[in-house]
Every structure is written in C-alpha cells, then in structure tokens.
Amino acid sequence: MRESVQAEVMMSFLVSEELSFRIPVELRYETCDPYAVRLTFHLPGDAPVTWAFGRELLIDGVGRPCGEGDVRIAPADSEVLGEVLIRLQVGGDQALFRSSAPPLVAFLDRTDKLVPLGQEGALADFDAHLEEALDRILAEEQSAG
C-alpha cells in the first residue's frame, strides 16, 4: 500500500494586481498524518516554504470560500469552478496564490483513494504517531521551560 500521494502544480504567486509569476508547488499527502496536506512553495531566490493544513479545508475551498486565520481558500470566481485562490498569512504578512482547480481536484481524488475522507481515524498507526508527537511536544516544552 502506498504511504503518500504527491503532485506538482504550477501556481501564480500574486505579488500585486500588476505583478505575478508562476512557481512550482509540490502537493503532498501522507498516511502518517492523514488529516493534513502539505504544500511546498518554491519561490525564486528563497528556500522552499512548506505549509501544512487540513485536507478538508482544501477540499472545501475548491468549491466555496472557507478558512479562518492563517489559511483561506476560495474559488477565484464564485460562478465558475476554474481557479482557486489560496491566501496564507503570518502576522501582517500575507501571500496570495492562484491555481487551476483541476490539478488540485485530481490530487485530492488521489488522496481520497489512499484514505477516504472521513476514514482518517481508522488508520491503525495514526494514534501511535499522535501519541509520539504529543510526547515529543511535551518533552520539548518541559526542556524549554
């Protein structure tokens, strides 16, 4: 059984209304973290930047505006399912990306074949990974404090 799904999508990085450029973005889904997707943005002149957020947020965002806080996803045009806007924000800084919807839908379809939506908790090793991650976080907090 495959443990992950990957795809590369070209997205437009919208710097301003007048300036945008195309960048490769790696999409990744792993069974060891079945609720999340990871997008790695390859910006020119910078180290790659990876964002992880809920797979369900990306699924919902393809069809309707959704998300709060740091990640917001919405169709570029509410009348036509053609392009998707992904807004990422850290403090006062934000980045806006536009992607064609079909490659995102194809990627999400592949993730659903690996782990059907709603079945994430059924993965036998997920609880063990979660417990390990929580133990690691608690240990880091205790050593820092």
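Guide: With a definition: two strands pair if DSSP finds at least two bridges between them. Keep in mind that this is a predicted model.

Visitor: What makes β2 and β3 a pair?

Guide: Four bridges join strand β2, residues 20-30, to strand β3, residues 36-41. The rule asks for at least two, so β2 and β3 count as paired. The two strands run antiparallel. Within this pair, Leu27 stands opposite Leu39 of β3.

Visitor: Which strands make up the open sheet, and in what order?

Guide: Seven strands, in the order β4-β3-β2-β1-β7-β6-β5, with antiparallel pairing.

Visitor: Why are β4 and β5 said to stand at the edges?

Guide: β4 (49-54) and β5 (71-77) each have a single partner strand, so one side of each is left without a neighbour in the sheet. From one strand to the next, the twist averages 30°.

Visitor: What packs on the sheet?

Guide: Helix α1, residues 55-63, packs on it, touching β2, β3, β4, β5 and β6 (80-90). The direction of α1 makes about 25° with that of β5. Helix α2, residues 101-114, lies across β1 (4-14), β2, β3, β6 and β7 (93-100). Its direction runs at about 160° to β1.

Visitor: Why is Arg55 called buried?

Guide: The cut-off for buried is under 20% relative accessible area. Arg55 has 1% relative accessibility, so Arg55 counts as buried.

Visitor: What is in contact with Arg55, leaving aside neighbours within four places in sequence?

Guide: The residues in contact with Arg55 include Tyr29, Tyr35, Val37, Leu108, Asp112, Leu117 and Glu120. Thr111 is also among them. Arg55 itself has its place in helix α1.

Visitor: What makes the link between Arg55 and Thr111 a polar contact?

Guide: The limit for the pair of N or O atoms is 3.5 Å. The side chains of Arg55 and Thr111 make their contact at 3.1 Å, so the distance falls within that limit.

Visitor: Is Arg64 buried, exposed or partly exposed, and why?

Guide: Arg64 has 44% relative accessibility. Buried needs under 20%, and exposed needs over 50%. The value lies in between, so Arg64 counts as partly exposed.

Visitor: Where is Arg64, and what does Arg64 touch?

Guide: Arg64 lies in the loop between α1 and β5. Not counting residues up to four places away in sequence, Arg64 touches Ile73, Ala74 and Pro75. The C-alpha atoms of Arg64 and Ser78 are separated by 7.3 Å, with the two residues 14 apart along the chain.

Visitor: How do you know which label Cys32 and Cys66 each receive?

Guide: Cys66 has a relative accessible area of 13%, under the 20% cut-off, so Cys66 is buried. Cys32 has 38% relative accessibility, between the 20% and 50% cut-offs, so Cys32 counts as partly exposed.

Visitor: What share of the protein's residues counts as buried?

Guide: Of the 145 residues, 33%. The accessible surface comes to about 8700 Å², and 51% of that belongs to carbon and sulfur atoms.

Technical notes: Residues are numbered from 1 along each chain as its sequence is written. This is a predicted model: local features need pLDDT of at least 70, side-chain atom pairs count only at pLDDT 80 or more; totals for chains, interfaces and linings use all residues. Side-chain values use heavy atoms; hydrogens and water are left out. Axes are lines fitted to C-alpha atoms, for helices over the stretch in contact, and angles run from 0 to 180 degrees between N-to-C directions. Contact means heavy atoms within 4.5 Å. Buried means under 20% relative accessible area, exposed over 50%, partly exposed in between (1.4 Å probe, protein chains only). Accessible areas come from the Shrake-Rupley method with a 1.4 Å probe; for residues, only the protein chains shown count as cover. A polar contact is a pair of N or O atoms within 3.5 Å; within protein, one must be able to donate a hydrogen and the other to accept it, and residues adjacent in sequence count only if both atoms are side-chain atoms.
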